[in-house]
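Morning, everyone. Please look at the structure as I go through it.

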Amino acid sequence: VQLQASGGGSVQPGGSLRLSCAASGYIFSINDMGWYRQAPGKQREMVAIITRGGSTNYADSVKGRFTISRDNAKNTVSLQMNSLKPEDTAAYYCKAVAKSTYYGSYNDYWGQGTQVTVSS
């Protein structure tokens, strides 16, 4: 299973960005998908998670500003980020909990980071 993230960039405070991530390869099933971020000198933290059924969970710092969504048919997950703040600056990583075969086990798969920079 490979994850390809896209959509990062630089934006001014108050601006918006949309991140997308597509899973490919041998995929039998995907459970949770999510976005995490890591700022320089800090640990990676959860930003938003969405279950296969569409239930969501957000970090308190992004509630009301970020929206996660997924397309199960296309194995994609997106993160709409509005009202961005300088403290949102980080490398953003997508993650999928997936298995490749019916008898296989679920494992965590990560995409490459995509940089989001919020600065005036």
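**One disulfide and its surroundings**

Searching the whole structure turns up one disulfide, a disulfide being a pair of cysteine sulfur atoms within 2.5 Å. In general, such a link is a covalent bond between the sulfur atoms of two cysteines. Here the partners are Cys21 and Cys94, with sulfur atoms 2.1 Å apart. The link of Cys21 and Cys94 is right-handed, with 55° about the S-S bond. Cys21 lies in strand S3 and Cys94 in strand S9 (residues 90-99), so the pair ties together parts 73 residues apart in sequence. Strands are DSSP runs (E, at least two residues), numbered from the N terminus.

Two quick notes. This is a predicted model: local features need pLDDT of at least 70, side-chain atom pairs count only at pLDDT 80 or more, and totals for chains, interfaces and linings use all residues. Residues are numbered from 1 along each chain as its sequence is written, and side-chain values use heavy atoms, leaving out hydrogens and water.

Are Cys21 and Cys94 buried or exposed? Both are buried. Buried means under 20% relative accessible area, exposed over 50%, partly exposed in between (1.4 Å probe, protein chains only).

Now the neighbouring topic: pairing. S3 (residues 17-24) runs antiparallel to S1, joined by five bridges; strands pair if DSSP finds at least two bridges between them. Ala5 stands opposite Cys21. Along S1 (residues 2-6), side chains alternate. Leu3 and Ala5 point to one face and are buried.

Last, Tyr102. Tyr102 sits in the loop between S9 and strand S10 (107-110). Tyr102 is exposed, at 54% relative accessible area.

How values were computed: Helices (H or I, at least four residues) and strands (E, at least two) are DSSP runs, numbered from the N terminus.
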